[in-house]
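Have the structure open while you go through them.

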Amino acid sequence: MVTRTRGYYARDYSMTLGWNNMRYIIETALHHGSLLNRTVIIPSFVYARACEYGNDVCAAYATMVNRGDAVNSDEWRELPEDKQMAWKVPMSQMLNLTHLRRTHSVITVAEYLRLHELPEDLELSTGEWNIARYHQNPSVFNRHGKPPSLHVIENQWYDPPRLNRVDRTPEGMKERGKWDPLLGDRTQDQYGGWKTPSRTEVYHVLEAALAGRQFALGWDKARGILESNGIRGVSTDEGLTEVLLSNGWEVLYTFDGALGMDYVKNVVSPIRQVVPRNSIRGFVDDFDRFTTDVLLLRGEIHYERKPASMLFTSTAGRDVFARLVLYEIAHTDPVKDLADTMSDRMRDIVGGRMWMGAHMRRGDFVRYHWVMHDDFGEHLARIKNHLDVGREVLRNISPASLGTYAVPEAKVNPDYVQLHPPEPGDKFYIATDERDPGNLAFLKERGAVRASDLITIEDRRRFGWPLLLTDVLGIVEQELLSRASFFYAHALSSVAGGVINLRAANGADPRTAQID
């Protein structure tokens with residue numbers, strides 16, 4: 001697998017983040033590696049943030065660490081010491097690596113170290129790539145050679161302010177913008193650059209509207225700006241495109257986040273954006289030229305970025321990334337099997353009817369004041385109100401009207417609505433990180449079903465020790481909620497994005513989920 005690629009693609013992984021954000025970062029790394037035909041190196045483990053039982057129970061099976069010490073962060077220092085702990089979970093528990101390797105060349109850091117006859121315990125706990133440790137020995141494929149050669153892409157070179165990183169720059173775009181291969185700052189891996197654009201009225205009015213980290217405008221916003229400034233010929237998509245291209249702007253493709261925000265990096269809402277042509281730099285154009293054994297991208301490029309941490313110059317390129325997220329990265333078979341079993345039990349609890357579920361994020365969201373409602377009762381009431389709406393949606397939806405999310409290869413899945421719709425008073429599933437006994441009793445009294453109500457001791461024995469850890473239980477619950485006839489969650493939680501992606505891949509109708 002490794003020898004079929006042009007070398008390795010390494011990253012600094014943000015191990016301070018929870019699993020769902022880590023998965024987004026891994027998705028991005030895999031796509032980058034694929035663009036460059038390099039074997040992607042991912043962490044050998046992630047940190048589970050809590051144990052479903054006492055800490056000592058989980059510590060009997062998984063290595064327990066002080067999370068702040070492990071990742072060099074003081075974020076959790078003010079918590080009681082037992083709440084500062086985390087557990088190492090092998091990546092093979094979180095992702096089906098066998099399935100992933102059918103389409104992508106990917107290895108863990110531990111596997112990379114073994115390939116270079118280095119001990120696995122050299123892997124840094126922070127997720128950073130350690131040059132001194134990891135570049136000591138030659139590869140087993142080249143025993144008489146030198147240690148792996150390296151080129152580093154510095155973080156500030158990837159997408160500094162006012163730059164839009166794209167997958168690749170098409171030749172037609174280069175011709176329109178008079179791309180000059182002799183321009184660019186070679187000291188920052190820039191190979192080529194754009195001719196200074198003619199700053200027309202169109203260029204100026206659009207440029208004046210640019211603000212924030214993402215140096216781009218929405219398609220409809222751009223049209224509205226031009227129309228309000230008396231620019232003719234933009235009422236049709238074809239006309240708008242012609243005006244943009246003639247005035248130094250380009251149309252790029254990406255995905256819209258939930259409620260227009262990018263905390264939830266799902267890939268189910270394809271959109272167009274417009275950017276100044278001279279802000280564009282191609283990932284392949286700048287970095288495919290390097291022949292070193294390891295190509296390392298330094299630092300974090302996750303926050304305030306779109307999925308893949310780049311925009312796409314074609315719908316085909318965007319679809320390639322969507323397929324990676326939806327179909328090529330998958331949970332393990334035990335996770336899916338347990339979710340199937342739990343779904344069957346949930347259906348039995350509601351009398352064989354459709355069942356509904358929601359994600360209720362508490363925990364650190366309460367501490368950071370990101371939660372929908374500080375008051376637990378108000379938060380639950382909000383969820384139940386959305387489920388009431390969902391019940392009506394399911395009552396009124398017809399099999400003939402079913403549609404899918406706008407994702408590649410989507411096929412309508414009538415299984416979501418083939419049973420009788422929910423009745424008022426039916427129990428509903430809640431996935432939550434709430435652990436206060438009083439609040440959990442409050443949930444149960446008001447019809448909520450939790451994982452502990454559905455998972456038996458036989459299930460736990462069959463699944464094994466990883467189910468003791470909340471992050472592993474969390475991906476089981478994501479799979480379970482992807483099977484619910486209706487789903488509701490909060491737009492600031494990355495958990496919701498994972499569920500929506502799973503539902504899209506399974507052929508759910510977009511009307512059967514709400515994110516706010």
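This is a predicted model: local features need pLDDT of at least 70, side-chain atom pairs count only at pLDDT 80 or more; totals for chains, interfaces and linings use all residues.

1. Let's start with strand β17 (residues 486-489), which runs parallel to β18, with 3 bridges joining the two. Strands here are DSSP runs of E at least two residues long, numbered from the N terminus, and two of them pair if DSSP finds at least two bridges between them.

2. Residues are numbered from 1 along each chain as its sequence is written, and side-chain values use heavy atoms, with hydrogens and water left out.

3. Now zoom out. β17 and β18 belong to an open sheet of 5 strands, ordered β16-β15-β14-β17-β18 with parallel pairing. β16 (448-449) and β18 (513-515) are the edge strands, each pairing on one side only.

4. What about the other sheet? That one is open too, with 3 strands in the order β3-β5-β4 and antiparallel pairing. β3 (45-48) and β4 (64-66) each have a single partner strand, so one side of each has no neighbour in the sheet.

5. Last, take a look at how β3 meets β5 (residues 85-90): they pair in the antiparallel sense over 4 bridges. Alanine 48 sits opposite tryptophan 87 in β5.
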